[in-house]
Amino acid sequence: GLLWLIFLVIAHVLLLSLVLDTLTAAYMLFSEEEAKEVAERKVKGILKVFKTVLVATTGAAPSPGSCLEIPRADFLQFIKEYGTSPKVDSISEERAEIMFQAIDKDNSRYIDYEEFCGICRVIQYRFWCTRRQSVVASWFPGLWNSDAFQRYRVFVEGSRASAAAGDAEDSAGSSPEDDADGDGDHPELDRLMNCVLVVNLCLVVAETACDLNKWQEPPSFESLELVFSLIYLGEVFAKLSVVSFGEYWSYGSNQFDLFSTVVLLVSSLLERIVEGDISTYANMLRLLRLLRVVKNLMNMPSVKFMVKTISKLLATAQEMVTLLGVVLFFFTNLSVQVLGGELYEGNKKLEGTEWLEEHWIALNCNDVPMAFGVWVVTLLSEYQPKFPDAVAQVSSFSLSWTMFPIFYVVGVSIVFELVKAFTIEVFVTLYKGKGARPKESARDVLGECKQGFKQALAVRGEVLHYSSSLNESAQEAMQEAFDHLDSKARQKAGEYHDRVLAMLLMDPDAPTPHHGKPHSKH
């Protein structure tokens, strides 16, 4: 026993952990370098497009003394042609005009390479615009502008209603992405609904206690469920009386609220109308009420950090998780092909095996879902000799039982441990960066373009919504790559015209070494 303990400490705890940490560190370093190279290639590609449009505009290659800016008409034509690509969302001329006005702060009707790069990064987003105000504003303008309804709007929306009632320029920054963190004040309606959710949670706990102890539920419980469902429905109508349905539907939390409200209301009505016992389904629908309570935990900073961290972990560890999924997929299909139809309760060859005596019948390899469960159990628990012992008794292949120790070595001891080590390393990195300020750039053209786009739409009573396939780290990498290239061009030429010319004449296929922090542009 002592020898085994010493071997376990040396081989598993020290050597294996050291090897896994080394592999994880090397992989993270490789991923960071690759992300920098990808971002730099994207920025160089954007500059190459700018150069191409510039040549098409001026009829000559960029040279000393030539114009290095694109006029408005040519930019709109470029956006129109870009929108014909089948892999991008088309951008109307009106939206393109708004984007141009948002980035052209000096009203020169020309854009330089910085502004062009900002717009090219913006059009990678998927945009959609919604009308801010509900139909009450257009159908009943007198009611909408009354003092009583203004107070009602503040009750439902909070500060966003008061901002929308003022200057459009001041409310232009309101978007789901900006408000997702929930740093602003919470409307009185949300606070009221939080109190209702707490009372509803007490009801769910009471109903669950009655079910577990097989007590008779009071008749008032059914009425209370219907009352809560009607209250949730009233919340939906209250929000839709202030904002349009498109604006309401643009938020995932509102989509969940509407779905759960309709389902809970229908289930409450069915319990009163349909004859028969549907209590089993009603108990499952109670989980939706619990999820509404859990959703409100997102207002807590620690919970928000946890959710953001998990999403970043999944995005960063995508390749590692894919590797684990491939291993599980391979062994799942292999076990179905080799052991399908062999592990079942009536098989006399299994008599006396621990697999049958401990009633592990549900864990078999007769189909893909069941076999997947077998390998997940093996992945999450210690090595289970019950599986290879049972397989050795029933399989016609003499070495078929070896797939279990092979999976434990390859899938559990190597791949799964790599996933855990990589996840821990990423979490530690994200936790160290918690609360840190983002790196400042000489000019955030991307932010300027988005902010100007919001302001231009706010004047028209619309709200900008957007989503991007690029994560936050990828956007930061592109900004760093742009600053690095600009710093390199600054080293070649100090004057603005010469510096722009140096940026455009760079070889887009030539690798750029990264050393030191990029210098400020100003």
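Predicted model: local features only at pLDDT ≥ 70, side-chain atom pairs only at ≥ 80, totals over all residues.
1. Overall make-up. The chain has 522 residues, of which 37% count as buried. Its secondary structure consists of 23 helices and four strands. Among contacts with a separation of 6 or more, 76% are between residues 24 or more positions apart.

2. Helix H10. This helix covers residues 188–212, 25 residues in total. From first C-alpha to last, H10 reaches 36 Å, close to the 36 Å expected at 1.5 Å a residue. Its buried residues include Leu189, Met193, Val196, Leu197, Leu203 and Val204. Asn200, Glu207 and Cys210 of H10 are buried too. An α-helix has 3.6 residues a turn, so residues three or four places apart point the same way. Just after H10, lysine 214 has a positive phi of about 55°.

3. Packing of H2 and H3. Helix H2 takes in residues 72–82 and helix H3 residues 93–103. The two pack at an angle of about 130°, and their axes are 10 Å apart. H2 and H3 are therefore oblique to each other, since 130° falls in neither the roughly perpendicular range of 65 to 115 degrees nor the roughly antiparallel range over 145. The crossing of H2 and H3 is right-handed. On the H2 side, the contact is made by Arg72, Phe75, Leu76 and Ile79. H3 contributes Ala96, Glu97 and Phe100.

4. Salt bridges within a helix. The structure holds seven salt bridges. One of them joins the side chains of glutamate 235 and lysine 239, at 3.5 Å from N to O. Both residues belong to helix H11 (residues 220–240) and are four residues apart, about one turn of the helix. Glutamate 235 and lysine 239 are both buried. Another salt bridge, at 3.2 Å from N to O, is formed by the side chains of lysine 420 and glutamate 417. These two residues lie in helix H20 (residues 403–432), three residues apart, again about one turn of the helix. Lysine 420 counts as partly exposed because its relative accessibility is 35%, between the cut-offs of 20% and 50%.

5. The side chains of lysine 386 and glutamate 358 meet in a salt bridge with an N to O distance of 3.8 Å. This pair links distant parts of the chain, 28 residues apart. Lysine 386 is in helix H19 (residues 386–394), while glutamate 358 is in the loop between helix H17 (354–357) and helix H18 (368–380). Lysine 386 is buried because its relative accessible area is 11%, under the 20% limit. Glutamate 358 has 39% relative accessibility and so counts as partly exposed.

6. Salt-bridge network. Arg132, Glu157 and Glu247 are linked in a network of salt bridges.

7. Isoleucine 414. Which residues does isoleucine 414 contact, leaving aside its neighbours within four places in sequence? They are Leu20 and Val409. Isoleucine 414 is part of helix H20. Leucine 20 is 394 residues away from isoleucine 414 in sequence, yet the two are 8.0 Å apart in space, C-alpha to C-alpha. With 40% relative accessibility, isoleucine 414 counts as partly exposed.

Terms used. Residues numbered from 1 in each chain as written. Heavy atoms only, no water. Expected span 1.5 Å × (residues − 1). Buried < 20%, exposed > 50% of the residue type's maximum accessible area, 1.4 Å probe, protein only. Salt bridge = Lys/Arg side-chain N within 4 Å of Asp/Glu carboxyl O. Axes fitted to C-alpha atoms, helices over the stretch in contact; angles between N-to-C directions. Parallel < 35°, antiparallel > 145°, perpendicular 65-115°, else oblique. Left-handed = near helix turned anticlockwise from the far one by under 90°. Contact = heavy atoms within 4.5 Å.
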